[in-house]
Amino acid sequence: MSELHAQTVPFVRDSMLPQELPPASQRGAVKWVRENLFSGPMNTILTVLSLLVVFLILQSSLPWWLNSVWNANSLAECRAAVQAMAGEGATGACWAVIRERWHQFMFGFYPRGLYWRPVLAFALLFVALAPVLFGDNARKRMILLACVAVALVLALIGVGTDLAHVSFAIVAMAAILAVSHLAPARLIWATLLFPAVGFFLLWGGSVWGPIGVLMGFGVLVAVYRLLLPMLGVVMGTALGFLAACVWWLMIQTHVTTVLHNLMPWGLEAIDSDQFGGFLLAFTIGVTAIAASLPLGILLALGRRSDMFLIKTLSVGFIEFIRGVPLITMLFTASLLLQYFLPPQTNFDLILRVIILVTLFASAYIAEVVRGGLAALPRGQYEAADALGLDYWKAQRHIIMPQALKISIPGIVSSFIGLFKDTTLVAFVGLLDPLKGVTAIVRADINWKGIYWEPYIFVGTIFFLICFGMSRYSMYLEKKLKTDHR
Amino acid sequence: ATLDDVKARGELICGTNTGLTGFAAPDANGVYQGFDVAVCKALAAAVLSDASKVKFVPTTGETRFTALASGEVDLLVRNSTWTYSRDTDLKLDFVAVNYYDGQGFMVKKDLGVSSAKELDGATICIQTGTTTELNLADFFKENNITYTPVTVADDSEAQRQYTAGACDAFTTDASGLAATRATLADAENHVILPEIISKEPLGPVVRHGDNNWGDVVRWTFYALVAAEELGITAANVEEIATTSTNPEVKRLLGTEGDMGAMIGLDKDWAKRAIAVSGNYGEIFAANIGESTSIGLARGLNAQWTQGGLMYAPPFR
Amino acid sequence: MAIVADVPKDGFRLSMLIYDTRFRSITIQVVVLILFLLGVAWLVNNTVENLAAKDKDIAFGFLWNRAGYDIGQTLVPYTNDSSHIRAALVGLVNTLVLAFFGCIFATILGVFAGVLRLSNNWIVGRLMTVYVEIFRNIPLLLWIILVYVVLSETLPTTADFRQSAQLIADGLPPTVSMSFGGTVALTNQGLNVPAPFFARGLGQISLGGMTISLNTLLVFAVVIGSFLANRALRRNAAKVQEATGLRPVIWWKSLLILFAPIILVCIALGLSFDVPVFGRFNFAGGISIAHAFTAMLVALSLYTGAFIAEAVRSGIMAISRGQSEAAFALGLQPGRTMKLIILPQALRIIIPPLISQYLNLTKNTSLGIAVSYLDLRGTLGGITLNQTGRELECMLLMMLIYLIISLIISSLMNLFNSAVKLKER
Amino acid sequence: MNETIDRPIDTSHMQVSDEVAIQISQMNKWYGTFHVLRDINMTVQRGERIVICGPSGSGKSTLIRCINRLEEHQAGQIVVDGTELTSDLKNIDKVRSEVGMVFQHFNLFPHLTILENCTLAPIWVRKTPKKEAEEVAMHFLRKVKIPEQANKYPGQLSGGQQQRVAIARSLCMKPRIMLFDEPTSALDPEMIKEVLDTMIALAEEGMTMLCVTHEMGFAQAVANRVIFMDQGQIVEQNEPREFFNNPKSDRTKLFLSQILGH
Amino acid sequence: MNETIDRPIDTSHMQVSDEVAIQISQMNKWYGTFHVLRDINMTVQRGERIVICGPSGSGKSTLIRCINRLEEHQAGQIVVDGTELTSDLKNIDKVRSEVGMVFQHFNLFPHLTILENCTLAPIWVRKTPKKEAEEVAMHFLRKVKIPEQANKYPGQLSGGQQQRVAIARSLCMKPRIMLFDEPTSALDPEMIKEVLDTMIALAEEGMTMLCVTHEMGFAQAVANRVIFMDQGQIVEQNEPREFFNNPKSDRTKLFLSQILGH
Ligand SMILES: Nc1ncnc2c1ncn2[C@@H]1O[C@H](COP(=O)(O)OP(=O)(O)OP(=O)(O)O)[C@@H](O)[C@H]1O
Ligand SMILES: Nc1ncnc2c1ncn2[C@@H]1O[C@H](COP(=O)(O)OP(=O)(O)OP(=O)(O)O)[C@@H](O)[C@H]1O
Ligand SMILES: [Mg+2]
Ligand SMILES: [Mg+2]
């Protein structure tokens with residue numbers, strides 16, 4: 001009451017008070033513990049219970065972890081080593097199996113000398129994603145690319161790549177970094193070309209195959225450009241697509257054969273049944289998500305269309321796919337697809353699985369994109385209309401860029417889901433990391449009877465990858481939330 | 001025809017198990033090894049003159065016959081039991097039997113069980129996807145006793161469950177039981193019961209209707225069997241080919257007559273097949289025989305001359 | 001101006017098919033329809049040709065043949081003499097039971113974890129975060145296997161319950177004895193609990209193919225009756241509150257109404273329990289719940305629960321702080337605020353993701369094969385397919401059934417959702 | 001907020017030509033069964049500056065949106081710049097590229113910079129070379145006095161600036177007619193002034209303008225005709241002085257008393 | 001927006017009693033280590049109508065929120081209606097049921113009808129019979145002039161109507177003190193008037209009111225004291241006339257020049 005005499009008396013402060021530190025009880029660790037752990041009887045009980053749970057878990061599993069064996073040639077040796085170390089009846093982890101077979105968990109049967117190819121392809125995947133993920137932030141993009149470059153070199157050396165390929169990778173990454181620095185807009189080409197480059201690196205074969213396919217897209221674009229003024233987007237695209245199909249189905253092989261005979265450049269061809277482990281999971285996951293994007297966008301547009309038939313077909317497709325388990329889709333790939341395709345068509349199981357998984361993913365992507373489209377205010381459509389942009393132009397310049405950006409978190413979580421679900425391909429005999437590779441490892445007489453270690457190893461890797469991605473998507477979600485009002 | 005396809009492709013595609021110890025499993029380098037695998041390799045050598053020109057496609061219980069029927073694989077050498085309905089209704093041809101198996105039971109010694117008929121009320125692990133579950137149901141029905149089935153997807157899972165005591169008995173083909181028992185930490189505490197409750201003739205399968213290809217597979221396999229009977233081994237095949245005077249050996253190894261041409265192959269086909277990993281007996285011994293840790297006895301799979309069922313029709 | 005106005009409106013030009021909004025959509029739809037039909041025709045044609053080439057046909061007759069295999073968990077009568085379709089039905093029931101209980105437990109778990117994650121207790125919050133993140137980021141298949149293995153590796157084996165000759169000689173009891181006064185046995189094969197039955201049966205009535213025990217009917221009737229009575233009690237309490245403002249204390253009346261009648265009926269009917277006893281190898285009698293089921297249930301609940309927890313958390317977080325502040329400012333206590341203000345609003349946000357989690361859970365039951373749980377996929381799509389080689393028929397049938405289940409779930413939940421939708425301007 | 005426009009504006013030089021820019025006759029529109037616009041008849045000469053006002057829900061926005069076919073009308077005729085609006089897409093595209101529209105909520109494209117917002121339509125609809133489009137855009141951005149913001153994103157601008165960008169964006173298509181749908185009602189008082197000034201400048205250049213607004217100061221200063229709507233009908237129209245000082249209809253009187261009283 | 005309150009209000013009959021309604025002494029509050037409120041001393045008599053103003057971030061909202069313990073203070077005393085605010089839950093509940101609060105963003109419960117919004121707290125906190133609660137609610141809804149909206153949902157009302165419902169909702173608890181935290185700043189000009197009218201009516205009935213607002217017209221018309229805060233401190237307080245015409249502190253002068261100039 002020093003300064004203020006009565007409520008009616010006017011009061012004017014003549015000297016402002018300085019900022020003070022809060023009282024001691026409101027600061028520091030004591031406050032934190034009191035507020036966060038023991039703020040009430042209920043909280044105290046919860047705290048104690050939680051600590052108890054943590055303790056019990058540690059108590060039961062710690063010895064097993066502590067008795068780990070890293071060096072052995074068979075399970076029997078492991079067991080002997082544990083007994084020797086910790087006495088009769090002790091149990092311990094036998095990580096030796098991972099030490100011997102880690103490459104199969106990672107790459108399946110991919111030839112050991114060629115591991116640089118999937119590793120490089122994986123690194124390039126990040127390069128391809130850079131413009132999408134960090135398109136508007138040059139600094140972050142450079143950091144990401146630099147990290148990728150360093151990690152790539154380390155990984156290459158780690159898998160025992162020869163010097164020539166390491167230096168090749170270094171040069172390639174340096175070039176990409178330079179491009180990213182000097183002409184960031186050009187980096188989008190890395191994204192567009194990645195499917196072909198990735199395919200070429202993973203499967204190898206003549207370099208003209210992927211180039212031929214790319215030329216097909218060139219044909220598509222050329223025809224589209226040519227016809228656009230005359231026939232409009234839909235017809236232009238359709239005819240362009242037709243032309244491209246003609247190219248792919250009838251002309252390409254001849255041209256590429258000739259070119260290959262003239263310039264037989266290429267990498268050693270790898271069959272897709274050599275793929276396995278996380279390489280397989282990534283191949284299926286990334287391909288399916290990437291391929292399902294265009295399909296998903298079309299389905300989402302179809303679902304929002306006011307044309308009854310198109311809407312019905314889209315809804316029917318989406319709901320059908322979302323209504324059946326992925327595992328039945330996989331069985332369809334392995335058992336039924338052959339029935340639906342023309343007689344004599346016979347392509348390998350991984351490709352079939354990818355096709356079906358793509359269809360599966362496209363339904364989920366469609367829903368994600370639909371959400372993105374719905375999040376756009378109507379005003380955006382109207383403004384585009386009012387400016388005279390037609391449907392496709394509005395989609396391309398106004399709607400899709402925004403809707404897709406909003407959808408990125410959803411797409412990332414679809415990818416996480418799909419990536420985890422790739423483990424189900426084990427049920428159709430493919431070498432997924434979780435069951436497939438584990439099964440063959442355990443079929444080896446040396447390791448028959450081993451159980452936990454492969455699962456823990458694979459589970460940990462899955463966790464790291466998925467957790468990283470989900471954190472990233474959360475970060476994105478937060479970021480997008482602030483800049484969209 | 002499949003033979004032409006294979007030749008044109010330059011590669012034999014062989015359906016195998018996703019991993020069955022001793023019969024087909026990839027090693028640390030991703031190279032398939034095992035008893036079934038050796039048959040495929042011999043076939044590749046016979047047809048393509050190169051035992052390494054074979055691609056193994058792992059198939060599961062559900063996908064194997066479809067893979068074969070749809071032409072994804074040229075043949076299936078994947079411990080598949082030859083049954084009436086598979087041979088007829090599924091439109092497959094079992095061309096030979098490379099392993100005579102039978103379904104048996106393994107139990108822990110301390111259960112004090114000495115016969116499968118004493119298993120009334122037991123929990124039994126069955127590996128699904130084969131004829132096993134049908135045989136088991138029939139056996140218990142016949143003996144008027146009951147059991148609780150635990151249907152397990154694969155061999156290693158079954159082994160784990162059995163070891164953990166999640167089931168009292170484990171039933172699968174006797175060969176599998178032996179392999180499993182061999183790798184148990186306390187093998188001496190487990191017994192395989194005497195009853196073999198079914199006939200499980202396992203053999204290579206081809207599509208119905210392509211008889212020439214069936215012949216190639218069948219006779220390549222019998223060449224291996226005959227080779228054992230005739231004393232031809234991987235080591236001595238070249239030598240015998242030049243020195244032998246036995247007309248059957250000569251016909252088999254192509255030094256006399258032209259048996260190869262009859263099935264669309266060249267003269268030396270059998271010689272090459274045998275040279276890969278030896279005759280039937282050698283393959284058996286190397287992969288699952290008593291000297292390996294799986295330690296199967298020849299039993300029914302001995303040559304007919306030794307009291308077994310391995311009996312190659314005459315090469316004539 | 002007049003010239004423009006005089007353009008005949010009804011004249012039809014071909015270009016209008018593309019440029020006139022009215023015809024354009026029809027044109028597009030017709031084209032799409034044609035393409036769609038062509039596509040379908042192509043697929044059907046291929047299928048017919050392929051079937052012919054492989055000398056196969058599509059026929060579902062095999063479903064009525066003898067299945068010949070046994071199933072561990074059968075909730076509808078089944079023996080190996082039953083038909084394949086019966087086996088499929090057993091599988092379907094197993095799927096549905098698993099999905100039903102899975103959804104319930106996942107919801108409970110998810111709501112708890114989601115709410116606790118917002119707790120101001122640091123450790124609890126962190127533990128829940130760990131739970132959610134671990135389960136969301138590791139494949140479900142691994143969790144199923146893991147839970148199963150933990151159950152079968154850590155629990156006592158059936159052998160531990162056995163009174164062996166050696167033990168008798170030493171005068172020792174078995175290593176492990178049954179819990180709850182010798183009525184419940186938890187082994188590494190499963191959980192054995194007493195099966196209730198009524199000593200004084202009231203007889204049965206027969207309805208066509210099904211026979212229903214009158215006892216069961218009576219018990220059901222009493223349970224439903226108590227439920228209704230309890231509802232009336234609560235409604236009455238609400239009325240009293242409306243009239244006087246004070247809510248009468250009714251929890252003990254509620255308990256009495258809910259439990260007394262059923263207990264009385266059970267006593268009257270002579271409820272007894274068939275207690276599992278140890279046989280030669282295992283427990284016989286009582287109800288035995290195999291670990292395959294438990295493991296699936298636990299893994300599915302934990303896994304889906306993690307996703308639901310996220311949905312719940314974000315649902316609650318989406319309710320602005322202003323809502324709880326307004327409630328506090330009105331003098332409502334935190335518990336009331338949660339119940340009356342936050343939850344009803346959060347529910348609307350939570351339900352749509354909840355629907356898709358239920359759907360996912362239902363579809364994920366198809367992973368039962370990993371732990372020998374014979375659901376629809378294990379019977380119809382597994383052993384039956386395997387034994388008969390009818391992959392086309394089995395897969396189509398299976399997809400159809402899953403699709404129907406999914407559609408039913410989502411339409412039910414959508415109904416619920418639209419019932420609680422917010423009214424906006 | 002009548003104070004916002006305080007300087008007297010010289011409207012004498014704003015010529016109204018005889019040419020008809022918009023001709024609406026007997027136009028009716030329904031939403032489902034709800035009759036939003038009833039028998040609208042209206043002719044706009046080139047160079048006219050028309051303010052439309054009326055109570056909320058009276059159909060002002062709907063009317064304006066019908067003129068560039070953001071909404072479809074069900075009966076009657078709308079002829080814009082000699083082109084009748086039917087379901088023919090070509091006509092619609094033609095009209096839309098002649099008519100600029102400014103929305104209450106700006107509706108800028110948040111993923112494009114200001115410059116890109118302005119050049120998008122000229123480049124893709126008018127097929128103007130990019131360079132040229134950018135020059136035009138800068139010209140109009142200068143005109144609305146925010147050339148320095150050209151490379152920012154809409155999210156980085158204030159509301160008033162955003163609305164001015166929206167105007168510039170429309171102008172870049174060099175429309176012959178501009179429609180404004182409550183262009184200032186989403187703005188703070190300070191910002192309203194910026195935008196009104198811009199619109200006044202436009203009016204001074206002889207642009208044909210239809211503007212839905214309740215800024216009566218603006219109406220008095222700039223408009224050469226005020227149209228009052230209620231329940232989907234045009235109740236009264238007159239020149240501003242007459243309209244404000246001497247409203248004929250009771251409905252108008254009531255409305256004006258509310259608006260001006262506040 | 002000074003025009004919003006144009007009729008002169010007769011404040012002579014608004015009696016201020018001698019009874020103390022709120023007594024704050026030496027109150028300090030920190031957010032983490034940030035000192036938001038510094039040595040606040042303030043006494044509010046029953047029936048007083050106090051307007052609190054000050055620049056953004058000066059702690060006005062925080063002060064008001066401390067009074068019904070939406071925020072905890074760390075030092076000093078707050079006594080409301082004879083009850084001291086400590087961490088004692090009972091006291092907090094007691095105070096909260098005596099003190100009504102109206103938020104800037106209304107914070108109506110969107111899942112309940114207007115009537116339910118108003119009866120919720122009386123029924124569950126005051127244990128009023130439902131019927132009675134509804135009657136009281138209708139009475140206050142009539143008072144804020146929206147009885148006809150009683151069965152609508154908040155989402156179906158305009159902003160001004162929503163804020164009036166928020167006021168009615170608080171009144172239904174028959175509070176002895178009302179706190180307003182910028183109750184009009186989320187509203188359009190037309191709606192502001194509705195809400196201010198309602199508040200004036202309340203003031204006329206002798207309610208004790210603390211109101212954070214920048215509506216200086218309202219302050220001049222209704223308040224019997226204006227408190228100016230800056231940097232978490234009360235810089236100046238005085239009766240409105242003196243405060244506006246003759247501010248003592250430089251800080252106040254600066255602030256007033258900004259506010260009134262606009
Ligand atoms: N899409 C729609 N579907 C149905 N009714 C609509 C739709 N859009 C507007 N309306 C109704 O049509 C009437 C006219 O709407 P309009 O937006 O043209 O009014 P307005 O005069 O612009 O009002 P305001 O001043 O509030 O913007 C209103 O009653 C409105 O409720
Ligand atoms: N929860 C919080 N944690 C930390 N700082 C806060 C928190 N809430 C408010 N502040 C800070 O305390 C100061 C006072 O905030 P307060 O909301 O009381 O200001 P105000 O005077 O109401 O301002 P305005 O007029 O903008 O509403 C501000 O500097 C604000 O940033
Ligand atoms: Mg409007
Ligand atoms: Mg504030």
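## Contacts between chains

In this predicted model, 8 pairs of chains are in contact, and chains A and C share the most contacts among them. On the side of chain A, 54 residues take part, and they meet 54 residues of chain C.

The size of an interface is often given as the accessible area lost when the parts come together. For chain A and chain C that buried area is about 5000 Å², with 72% of it on carbon and sulfur atoms. Within chain A, the residues that lose the most area to chain C are A:Tyr339, A:Phe340 and A:Lys420. Together these three account for 14% of what the chain A side buries.

Chain B has no contact with chain D, and the nearest C-alpha atoms of the two are 50 Å apart. Chain B does not touch chain E either; here the nearest C-alpha atoms are 51 Å apart.

## An annotated span in chain A

The UniProt record, an unreviewed entry, places the feature "domain: ABC transmembrane type-1" at residues 278-473 of chain A. In the model, this span is 79% helix and 0% strand. The C-alpha atoms at the ends of the span, residues 278 and 473, lie 21 Å apart.

Several side chains of chain D place polar atoms by the ligand. A polar side-chain atom of D:Ser61 is 2.5 Å from an oxygen atom of ligand 1. For D:Glu182, a polar side-chain atom lies 3.1 Å from an oxygen atom of ligand 1. Ligand 1 taken alone exposes 640 Å², and the protein buries 58% of that.

Around ligand 2 the residues belong to chain E. They are E:Tyr31, E:Phe34, E:Val36, E:Pro55, E:Ser56, E:Gly57, E:Ser58, E:Gly59, E:Lys60, E:Ser61, E:Thr62 and E:Glu182. This shell divides into 4 nonpolar, 6 polar and 2 charged residues. Both β2 (34-45) and α1 (60-67) of chain E contribute at least two residues each. With 3 residues, α1(E) gives the most to the shell.

Polar contacts to ligand 2 involve both backbone and side-chain atoms of chain E. A polar backbone atom of E:Ser58 is 3.1 Å from an oxygen atom of ligand 2. In E:Gly59, a backbone N or O atom lies 3.0 Å from an oxygen atom of ligand 2. From the side chain of E:Lys60, an N or O atom is 2.8 Å from an oxygen atom of ligand 2. Taken alone, ligand 2 exposes 630 Å², of which the protein buries 58%.

Conventions
Residues are numbered from 1 along each chain as its sequence is written. Chains are lettered from A and ligands numbered from 1 in the order in which they are written. This is a predicted model: local features need pLDDT of at least 70, side-chain atom pairs count only at pLDDT 80 or more; totals for chains, interfaces and linings use all residues. Side-chain values use heavy atoms; hydrogens and water are left out. UniProt positions are given in the numbering used here, feature names are shortened, and annotations may be inferred rather than shown by experiment. Helices (H or I, at least four residues) and strands (E, at least two) are DSSP runs, numbered from the N terminus. A residue is near a molecule or strand if one of its heavy atoms lies within 4 Å of it. A polar contact is a pair of N or O atoms within 3.5 Å; within protein, one must be able to donate a hydrogen and the other to accept it, and residues adjacent in sequence count only if both atoms are side-chain atoms. Accessible areas come from the Shrake-Rupley method with a 1.4 Å probe; for residues, only the protein chains shown count as cover. Ala, Val, Leu, Ile, Met, Phe, Trp, Tyr, Cys and Pro count as nonpolar, Asp, Glu, Lys and Arg as charged, and the others, Gly among them, as polar. Contact means heavy atoms within 4.5 Å. Buried area is the accessible area (1.4 Å probe) that two parts lose on being put together, summed over both.
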